[in-house]
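Q: Can we go through this model together? I'd like quick answers.

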Amino acid sequence: MRREERLDDPEESLRLALENAQSQIWTALPSVVTAVDLSKQTVSVQPSVQGNISAPDGSSQSVNLPLLVDVPIVWPRAGGFALTFPIAAGDEVLVVFASRCIDAWWQSGGVGVQAEVRMHDLSDGFAVLAPTSQPKKLSNVSSSNVQLRDNAGTTYVEIAPGGKIKLLGATSIDLSAPTINIAGTNININGTTTQTGSMNMTGQVTQTGGMSIGGVTFGSHKHTGVQTGGGTSGGPTN
């Protein structure tokens with residue numbers, strides 16, 4: 001028994017009662033993902049903050065809180081669009097606990113009665129992606145631009161305040177669609193360009209650095225069978 005519980009002090013007794021009631025109210029906890037079920041879009045998580053168990057002699061012991069299962073993942077989602085992440089075991093999340101039972105809502109959606117009468121319970125959490133502890137913090141975070149990036153910062157989509165958009169791929173960038181339209185006042189392509197399939201171009205095209213079509217290098221190739229007059233020359237050679 002705790003010393004405070006042996007005191008004949010109504011105020012202290014009330015304080016202890018309030019603390020006990022407050023200890024049963026769960027609001028939010030950082031947690032670590034232990035398993036992922038994308039078919040249900042839920043995770044199992046281990047709360048990262050331990051709880052305390054008091055012994056009859058007044059001592060206490062820190063223990064892990066129970067594993068939380070079937071915790072719905074909070075994706076950024078609205079208006080027919082969603083942003084998803086390849087969440088995996090070991091990722092950190094913030095589990096936010098609903099004030100009432102969410103079982104009926106999670107099963108059927110819409111508005112309905114509570115499946116159970118419980119409040120601020122460990123069973124009613126949502127996994128929000130994602131707070132980060134210091135060992136897992138991101139490096140080289142931009143202080144001025146918005147980025148959708150990998151943890152290393154080697155691949156990202158970036159939007160700058162001035163209106164510039166940058167795509168950086170560590171290995172490649174793939175664009176695939178029945179029609180791809182590129183419009184701009186100035187379009188600059190630096191590096192080797194490989195063309196597969198047909199291409200229709202309208203307007204002036206200026207090529208610097210040479211061009212090869214069908215193995216024939218333009219700008220330096222020669223024609224055979226050349227003669228003056230109205231004749232036609234032979235085909236080009238490299």
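Q: Gln41 first: buried, partly exposed or exposed?
A: Gln41 is partly exposed, because its relative accessibility is 36%. The scale runs like this: buried is under 20% relative accessible area, exposed is over 50%, and partly exposed is in between, with a 1.4 Å probe and protein chains only.

Q: Before we go on, what are the ground rules here?
A: This is a predicted model, where local features need pLDDT of at least 70, side-chain atom pairs count only at pLDDT 80 or more, and totals for chains, interfaces and linings use all residues. Residues are numbered from 1 along each chain as its sequence is written, and side-chain values use heavy atoms, with hydrogens and water left out.

Q: Back to Gln41. Where is it, in terms of E1 and E2?
A: Gln41 sits in the loop between E1 and E2. Helices (H or I, at least four residues) and strands (E, at least two) are DSSP runs, numbered from the N terminus.

Q: What is phi at Gln41?
A: Near 55 degrees, which is positive in a residue other than glycine.

Q: And what about phi at Asn140?
A: Asn140 is not a glycine either, and its phi is positive at about 55 degrees. Asn140 lies in the loop between E9 and E10. Asn140 counts as exposed because its relative accessibility is 70%.

Q: Which residues does a cis peptide bond join?
A: Leu129 and Ala130, with omega about -20 degrees. Ala130 is in the loop between E9 and E10.

Q: New topic. How many residues are in the largest nonpolar core?
A: The largest nonpolar core has 15 residues. Such a core is a set of buried Ala, Val, Leu, Ile, Met, Phe, Trp, Tyr and Cys residues joined through side-chain atoms within 4.5 Å. Val43, Val45, Leu68, Val71, Ile87, Val93 and Val95 have the most contacts inside this core.

Q: Which elements give two or more residues to this core?
A: Strand E1 (28–37), strand E2 (42–47), strand E5 (68–74) and E8.

Q: What does Val71 touch?
A: Leaving out residues up to four places away in sequence, Val71 touches Gln41, Thr42, Val43, Val45, Val95, Gly125, Phe126 and Ala127. Contact means heavy atoms within 4.5 Å.

Q: Ser31 next: buried or exposed?
A: Ser31 counts as buried, because its relative accessibility is 1%. Ser31 lies in strand E1.

Q: What does its side chain reach?
A: The side chain of Ser31 reaches the backbone oxygen of Leu29 at 3.4 Å. Beyond four places in sequence, Ser31 touches residues including Val45, Pro47, Asp91 and Val93.

Q: And Arg118: buried or exposed?
A: Arg118 is buried, because its relative accessibility is 13%. Arg118 is in the loop between helix H2 (103–108) and strand E9 (125–128).

Q: Which side chains make a polar contact with Arg118?
A: The side chain of Asp103 does, at 3.0 Å. The side chain of Glu116 also does, at 3.0 Å. A polar contact is a pair of N or O atoms within 3.5 Å; within protein, one must be able to donate a hydrogen and the other to accept it, and residues adjacent in sequence count only if both atoms are side-chain atoms.

Q: Pockets now. What volume does the largest pocket have?
A: The largest pocket has a volume of about 1,500 Å³. On a 1 Å grid over the protein atoms alone, a pocket is an open set of points where a 1.4 Å probe fits, with protein on both sides within 12 Å along at least five of seven lines; lining residues have an atom within 4 Å of a point. Grid points are joined across faces, edges and corners, and the volume is the space filled by probe spheres set on the points.

Q: Which residues lie nearest the centre of the largest pocket?
A: Ile189, Thr193, Gln195, Met199 and Met201, out of 30 lining residues. The lining divides into 9 nonpolar, 21 polar and no charged residues. Here Ala, Val, Leu, Ile, Met, Phe, Trp, Tyr, Cys and Pro count as nonpolar, Asp, Glu, Lys and Arg as charged, and the others, Gly among them, as polar.

Q: What about the volume of the second largest pocket?
A: About 940 Å³. Phe85, Leu138, Arg149, Asp150 and Asn151 are closest to the centre of the second largest pocket, which 34 residues line. By class, this lining has 20 nonpolar, 9 polar and 5 charged residues.

Q: Which element gives the largest share of that lining?
A: E10, with 4 residues.
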